[in-house]
Amino acid sequence: MSLSDKPRLLVAIPMFAEVLAALAEHFEVDAAGEHPIEDPAELARRAQGCSALLVAGMPRIDAALLDACPTVRAVCSMAVGYNNIDVPACTARGVLVSNAPDVLTETTADFGFALMMATARRIAESEHFLRAGQWTQWRYDLFAGSDVHGATLGILGMGRIGQAIARRGHLGFGMPVIYHNRSRLPAEAEAPIGARWVSKEDLLREADHLVLVVPYSASSHHAIGASELAQMKPTATLTNIARGGVVDDAALAQALRDKRIAAAGLDVFEGEPAVHPDLLTVPNVVLTPHIASASLPTRRAMADLAQRNLLAVFGIGADAGRPPTALNPEVLKPAA
Ligand code: 8YV
């Protein structure tokens, strides 16, 4: 039995202390602390009797959890990607789901561009070499990579983050930009970022630096596997800031080992935080722990947006009754 009249909220991920303090004014908060609650049994136990869950790109929120915790009315995420949440299952049970778009677009695009540049210019590989005390002489080809300026930038997925990366490449680095997406942008959106829609085959064949920003779904699972990697230029780089599972990591490790492409930059992994062991042993890959949105101001903005949505669902604050970035706002509409 609850000791207060406030609705119970499970914050299933590590969270800013200030945000937890603000939430505690309106909710009886159970906070994950240092570690996200990922184990389904523990999640179901901790979510018992809760009215809302605050999550990110994890943990998994599925029908089984919702059925085990029928008091849950809202699942608010501080991530833009929501492939960990079964939205139709939530909608069917009248559970509001929100994500956190827009606030992370520019930060994530900065990181995608940085990871692509680090990959092309072999920054991580050369730093390891230097730290290992192996730098004893100059050579004309010492960690010679490929140019970014003027090279063809390929983008798979052309949502907000893809467009922000295209803008950087086009305006800052004079890159011809090609992209593939299910839906083509209107001409007035393509022109200022110099972007040209191409087929997926042409994207793979023509890109010097291919950046993946497509949301993860059944249709984007292993969008890049052995046969796609085989179509890329041997000098090309591949950067994945989308989701693990968009790339077949085992096939990528093999392609990198065989130098079928020059290098890769990966911020996301199948089964993360585990990383395919073969990726850890190939030198021509830059590996980062899913930090593309991780500037402190942006992470705070993401948390604040999740909080706004949460308060709105419970009728609190300026957005009362209208969570600003709801994915299924129809669940809040009164029945006709
Ligand atoms: C999160 C992300 O850090 O927003 C997203 O979709 O991938 C990142 O910004 C990640 O989801 C945390 O789980």
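Hello everyone, and two notes before we start. The model is predicted, so I mention local features only where pLDDT is at least 70 and side-chain atom pairs only at pLDDT 80 or more, while totals for chains, interfaces and linings use all residues. Residues are numbered from 1 along each chain as its sequence is written, and side-chain values use heavy atoms, with hydrogens and water left out.

Let's begin with helix H5, residues 105-120. How far apart are the end C-alpha atoms of H5? They are 22 Å apart, which agrees with the 22 Å that its 16 residues should span at 1.5 Å a residue. That expected span is 1.5 Å times one less than the number of residues.

Twelve of the 16 residues of H5 are buried, so this helix is largely enclosed by the rest of the structure. Buried here means under 20% relative accessible area, exposed means over 50%, and partly exposed is in between, with a 1.4 Å probe and protein chains only. Among the buried ones in H5 are Thr-105, Phe-111, Phe-113, Leu-115 and Met-116. After H5 comes Arg-122, with a positive phi near 60 degrees. Keep Arg-122 in mind for the pocket.

Which residues of H7 are buried? They are Ile-161, Gly-162, Ala-164, Ile-165, Ala-166, Arg-168 and Gly-169. Their cover includes H5 along with strands S6 (153-156), S7 (177-180) and S9 (209-212). Covering is a matter of contact, meaning heavy atoms within 4.5 Å. Just after H7, Gly-174 has a positive phi of about 55 degrees.

Thr-152 counts as buried, at 17% relative accessibility. Leaving aside residues within four places in sequence, its contacts include Met-175, Pro-176, Ile-178 and His-209.

Now for the second largest pocket, which holds about 280 Å³ of space. Of its 19 lining residues, the closest to the centre are Arg-122, Ala-144, Ala-262, Ala-263 and Asn-284. Helices H5 and H6 (123-131) and strand S12 (285-287) each give two or more residues to the lining. A pocket, on a 1 Å grid over the protein atoms alone, is an open set of points where a 1.4 Å probe fits, with protein on both sides within 12 Å along at least five of seven lines; lining residues have an atom within 4 Å of a point. The volume is the space filled by probe spheres set on the points, which are joined across faces, edges and corners.

On to the cysteines. How many disulfides does a search of the whole structure find? Zero, where a disulfide is a pair of cysteine sulfur atoms within 2.5 Å. For Cys-69, the nearest cysteine sulfur belongs to Cys-50, 7.6 Å away. Cys-69 is buried, with a relative accessible area of 2%. For Cys-90, the nearest is the sulfur of Cys-76, at 10 Å. Cys-90 is buried too, at 0% relative accessibility.

Last, some backbone details. Most residues other than glycine have a negative phi, and most peptide bonds are trans. Against that background, a cis peptide bond joins Met-58 and Pro-59, with omega about -5 degrees. Pro-59 sits in the loop between strand S3 (52-55) and helix H3 (63-68). Another cis bond links Glu-272 and Pro-273, with omega about 10 degrees, and Pro-273 is in the loop between strand S11 (263-266) and helix H12 (277-281).

Two histidines also stand out. His-222 has a positive phi of about 50 degrees although it is not a glycine, and lies between S9 and helix H10 (226-231). His-290 likewise has a positive phi of about 50 degrees, in the loop between S12 and H13. At 25% relative accessibility His-222 is partly exposed, and at 30% His-290 is partly exposed.

How values were computed:
Helix = DSSP H or I, 4+ residues; strand = E, 2+ residues; numbered from the N terminus.
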